[in-house]
Amino acid sequence: MCGGFTCSKNALIALNILYVMIGFLLIGVGVYARAASVVTNLPIVGGILACGVILICISMLGLAGAVKHHQVMLFFYMIILFMLFLIQFSIASSCLAVNSVQQQQFAEHGWKTVPPQLRKQVQDSFLCCGFNATTPTTSVVNVNSNTDDEEPSCEIINRECCVNAKDPLCHCEPCGPLLEGKIDYAFKLCGGLGIFFSFTEVLAVFLARRYRNQHDPCYLPARAVFPHNYQY
């Protein structure tokens with residue numbers, strides 16, 4: 001019967017197996033992105049790998065607790081998963097609530113903090129120069145720092161953009177407006193997926209709580225095993 005001990009156990013095991021598969025998928029995406037140089041920013045790849053490893057560890061705890069019907073494991077599984085739900089739901093809601101102006105502010109701040117190589121990669125991919133009209137388009141080197149804080153030059157990109165242009169002042173468009181649609185899509189996608197998976201975590205907490213309070217039919221009460229020891 002659905003809702004009984006066996007049904008709750010199988011549903012909890014299946015849900016945690018799904019989490020394990022998603023965790024390995026995140027790890028695979030992170031490894032592939034780093035190996036294929038799709039994403040060259042190491043913090044991004046490290047964050048993807050960390051999310052995959054954490055998700056697998058939590059899922060393994062839930063699987064062990066579900067298979068063994070272990071009260072302590074299921075209790076800590078519920079607590080950790082509920083805390084993860086609160087964090088994930090808050091972040092996902094924030095992603096959906098961010099407007100276009102705030103998205104541009106976040107994107108511009110990220111543009112200024114990423115390495116120059118990544119900025120050059122974006123400019124080469126989208127044939128744009130700088131983030132907006134106020135972003136410097138010439139090479140700038142920070143002489144007070146030991147490392148090169150060089151703004152990628154737009155001379156080569158401008159020649160590619162204005163190959164058939166007759167205007168001597170022709171230059172490429174800034175990258176900000178070109179990335180606006182992709183940034184909005186990324187925020188909406190992250191928010192939608194975060195909301196969806198946060199509700200699956202609520203389902204997992206509910207199943208774990210229900211399964212934890214149910215009696216295992218394989219272990220009969222002492223009254224049923226030794227009825228002659230009890231007087232009625």
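The notes below go topic by topic.

This is a predicted model. Helix α7 spans residues 175–213, and it packs against both α3 and α4. The largest nonpolar core has 20 residues, and a second, separate core has eleven.

**Helix α3 against helix α7**

- Helix α3 covers residues 71–97, and its axis lies 8 Å from that of α7.
- The angle between α3 and α7 is about 160°; angles over 145 degrees count as roughly antiparallel, so these two helices are roughly antiparallel to each other.
- The α3 and α7 pair has a left-handed crossing.
- Sorted by class, this contact of α3 with α7 holds 22 nonpolar, seven polar and four charged residues.

**Helix α4 against helix α7**

- Helix α4 runs over residues 100–113 and packs on α7 at an angle of about 110°, with the axes 10 Å apart.
- Because the range from 65 to 115 degrees counts as roughly perpendicular, α4 is roughly perpendicular to α7.
- The crossing of α4 with α7 is right-handed.
- On the α4 side, the residues that meet α7 are Ser100, Gln103, Gln104, Phe106, Ala107 and Trp111.
- Their partners in α7 are Cys175, Gly176, Glu180, Ile183, Asp184, Phe187 and Lys188.
- The residues of this α4 and α7 contact comprise six nonpolar, four polar and three charged.

**The nonpolar cores**

- Within the largest core of 20 residues, those with the most contacts are Leu12, Tyr19, Tyr77, Leu81, Ala204 and Tyr211.
- Helices α1, α2 (42–68), α3 and α7 each give two or more residues to this core, and α1 gives the most, with seven.
- Members of the second core of eleven residues include Val98, Cys175, Leu179 and Phe187; Cys175 and Phe187 are also among the α7 residues that meet α4.
- As background, nonpolar side chains tend to be buried together in soluble globular proteins.

**Two residues to look up**

- Which residues does tyrosine 19 contact, leaving aside its neighbours within four places in sequence? They are Leu55, Ser59, Tyr77, Phe197, Thr200, Glu201 and Ala204.
- Asparagine 16 lies in helix α1, which covers residues 5–35.
- Is asparagine 16 buried or exposed? Its relative accessibility is 0%, so asparagine 16 counts as buried.
- Not counting residues up to four places away in sequence, asparagine 16 touches Ile58, Ser59, Gly62, Leu63 and Tyr77.

Notes
Residues are numbered from 1 along each chain as its sequence is written. This is a predicted model: local features need pLDDT of at least 70, side-chain atom pairs count only at pLDDT 80 or more; totals for chains, interfaces and linings use all residues. Side-chain values use heavy atoms; hydrogens and water are left out. Axes are lines fitted to C-alpha atoms, for helices over the stretch in contact, and angles run from 0 to 180 degrees between N-to-C directions. Helices (H or I, at least four residues) and strands (E, at least two) are DSSP runs, numbered from the N terminus. Angles under 35 degrees count as roughly parallel, over 145 as roughly antiparallel, 65 to 115 as roughly perpendicular and the rest as oblique. A crossing is left-handed if the near helix is turned anticlockwise from the far one by less than a right angle, and right-handed if clockwise. Ala, Val, Leu, Ile, Met, Phe, Trp, Tyr, Cys and Pro count as nonpolar, Asp, Glu, Lys and Arg as charged, and the others, Gly among them, as polar. Buried means under 20% relative accessible area, exposed over 50%, partly exposed in between (1.4 Å probe, protein chains only). Contact means heavy atoms within 4.5 Å. A nonpolar core is a set of buried Ala, Val, Leu, Ile, Met, Phe, Trp, Tyr and Cys residues joined through side-chain atoms within 4.5 Å.
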